[in-house]
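Visitor: I have this one open in the viewer and would like to go through it piece by piece. Can you take my questions as they come?

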Amino acid sequence: MAYEVEKKIVSKDFQENIDYLSERLGVKKSFDVIRLDLEYAGRKMALFLVDGFVKDDILHYLMRYLSELSPEQIEENTLQRLLKTYIPYVEIDKSNDLNSVVHTVLAGPTALVVDGIDEVILIDARTYPVRGPQEPDMERVVRGSRDGYVETIVFNTALTRRRIRDRSLRMEYLQVGRRSKTDVVVCYLEDIADLDHVKDLKESLEAIDTDGLPMGEKTVEEFIAGRHLNPYPMVRYTERPDTAAAHLYEGHVIVFVDGSPSALITPTTFWHHLQHAEEYRNKPVVGAYLRIVRFLAVWASIFLLPLWYLVAENPGLLPPGLEFIGINEQGHIPLLIQFLLIEIGIDVLRMAAIHTPSSLATALGLVAALMIGQVAVEVGLLTYEVVLYLAIAAIGTFATPSYELGLANRIYRIILLLFTAWLGVIGFVGGITCWIIMLTRMKSFNVPYLYPFIPFNYRGMRDVLFRAPMPLKNRRPTFLHPQDPDR
């Protein structure tokens, strides 16, 4: 049966209204959906709410206020008198659509149905179970703010607005999902952002046709970004309000999804996933050094293993004096199989670490080090060189600021390794060429993925490679088409 979303006008019959709401909300079927039958000022009233979503003290105060009303006080213009005089609360609204009231109550606000009124009063006295805005595990810094986004969208928008006291900051509200009605907010600076991109992004969000968003922002990304067979991320995730604020000032557009502590930054390029807040929390020279080291680690995580495999299988490619780079002792298992085994082993170890309680993490690390590092070499399953170079590549993967980019680079590393094992030098060079062509053809919301490298832009590439002093960063990125290019 199709999920009904047709408009249902509030009836003048009080009993019909509360019966409809009770049936749609499942009042007698769900213990946490509550209907309070009341009578104030000689009129029948009913409160519909979800237990656990409502601030009890506020409702108690409003109920006490209503209990002191006399019939004469609300005899004329009942709705307006209640809204503007006798219900003293900030977040209050009305609706004449019962289906809309059902969705509103399930989102947390309270509905007040009053006999003789053909509209329902909505009181947003909700509260959600929420953790504190602590520092994100994935984006830690030595110095800087320690607050991070949480699972409540209102908290996240407040953390962002706290850092951007700009009159042009816009937080546009949408609901996505036929059944879930998940709250989504599109955030941007109206005087800076490309409004065409904002329009396209909102249309993409409104076009999402699914029951719900159980995986939050990740489901949204798959709907609006596409390219499902491409492992590289089309948006950047962040849990830091200062990182989101910095991107807003550049002209990016942020998407918040209720229930998710991560914000989506759009559009982004390959190089955005290699930036980290730590670079901007140090002096420019130190930040530039950290960025160069990070780049070297990322390139090593991608190309080091296939390159070493190539020279290990073809020692003649090594110039004089570098023969030690090759393999000293051949193991019982071919090198390619060793690499694949240890790649899978590291992924298994990573998944085990995620599912292991923190109190057992040390024990897991010891077991992994003994089994994979030492015993596997002694029994001939692996060679020392394989363990060494894969460890370097793994460290480079963990040094990648974007978790999604690190996983994508790992998949490409395995593909490049297979090409190298199959075709040798041709496979290595051809694999890198195909990778660059693939990234060049990619676009994130009509922005070239490798910009400013391809197409080349000197100023943009300089900012990518070196962390420039903030006083010299007086221009916004041109690929974002900002309305105000001057910082």
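Guide: Start with residues 414-438: the span is 96% helix and 0% strand, and its end C-alpha atoms lie 16 Å apart. Helices here are DSSP runs of H or I with at least four residues, strands are runs of E with at least two, and both are numbered from the N terminus. This is a predicted model, where local features need pLDDT of at least 70 and side-chain atom pairs count only at pLDDT 80 or more, while totals for chains, interfaces and linings use all residues. Residues are numbered from 1 along each chain as its sequence is written, and side-chain values use heavy atoms, with hydrogens and water left out.

Visitor: Where does UniProt place the feature "transmembrane region"?

Guide: The unreviewed UniProt entry puts that feature at residues 292-311, 331-349, 361-381, 387-407 and 414-438. Positions follow the numbering used here, feature names are shortened, and annotations may be inferred rather than shown by experiment.

Visitor: How far apart are the end C-alpha atoms of 387-407?

Guide: They lie 19 Å apart, and residues 387-407 are 81% helix and 0% strand.

Visitor: Zooming out, how many helices and strands are in the protein chain?

Guide: The protein chain has 15 helices and twelve strands. Its radius of gyration is 29 Å, well over the 23 Å that the globule rule gives for 487 residues, so the chain is more spread out than a compact globule. That radius is taken over C-alpha atoms, and the rule is 2.2 Å times the number of residues to the power 0.38. Along the principal axes, the C-alpha trace spans about 100 × 55 × 45 Å.

Visitor: How many bridges join strand 1 to strand 2?

Guide: Eight, and the two strands run antiparallel. Glu39 stands opposite Lys44 in strand 2. Strands 1 and 2 form a hairpin with two residues between them, and Ala41 in the turn has a positive phi of about 55 degrees.

Visitor: And strand 4 with strand 5?

Guide: Strand 4 (residues 110-114) is joined antiparallel to strand 5 (residues 120-123) by three bridges. Ala111 faces Leu122 in strand 5.

Visitor: Where does Pro267 lie?

Guide: Pro267 is in the loop between strand 10 and helix 9. A cis peptide bond joins Thr266 to Pro267, with omega about -20 degrees. Another cis bond joins Ile454 and Pro455, with omega about -10 degrees; Pro455 is in the loop between strand 12 (447-448) and helix 15.

Visitor: What is the phi of Phe445?

Guide: Positive, about 55 degrees, although Phe445 is not a glycine. Phe445 sits in the loop between strand 11 (443-444) and strand 12.

Visitor: Back to helices 9 and 15. At what angle do their axes cross?

Guide: The axes of helix 9 (residues 284-313) and helix 15 (residues 458-465) cross at roughly 90 degrees and come within 9 Å. The two helices are therefore roughly perpendicular to each other, a class that covers 65 to 115 degrees; under 35 counts as roughly parallel, over 145 as roughly antiparallel and the rest as oblique.

Visitor: Which residues make the contact?

Guide: Arg291, Ile292 and Phe295 of helix 9 meet Asp463, Val464 and Leu465 of helix 15. Four of the contact residues are nonpolar, none polar and two charged. Ala, Val, Leu, Ile, Met, Phe, Trp, Tyr, Cys and Pro count as nonpolar, Asp, Glu, Lys and Arg as charged, and the others, Gly among them, as polar.

Methods:
Axes fitted to C-alpha atoms, helices over the stretch in contact; angles between N-to-C directions. Contact = heavy atoms within 4.5 Å. Pairing = 2+ DSSP bridges.
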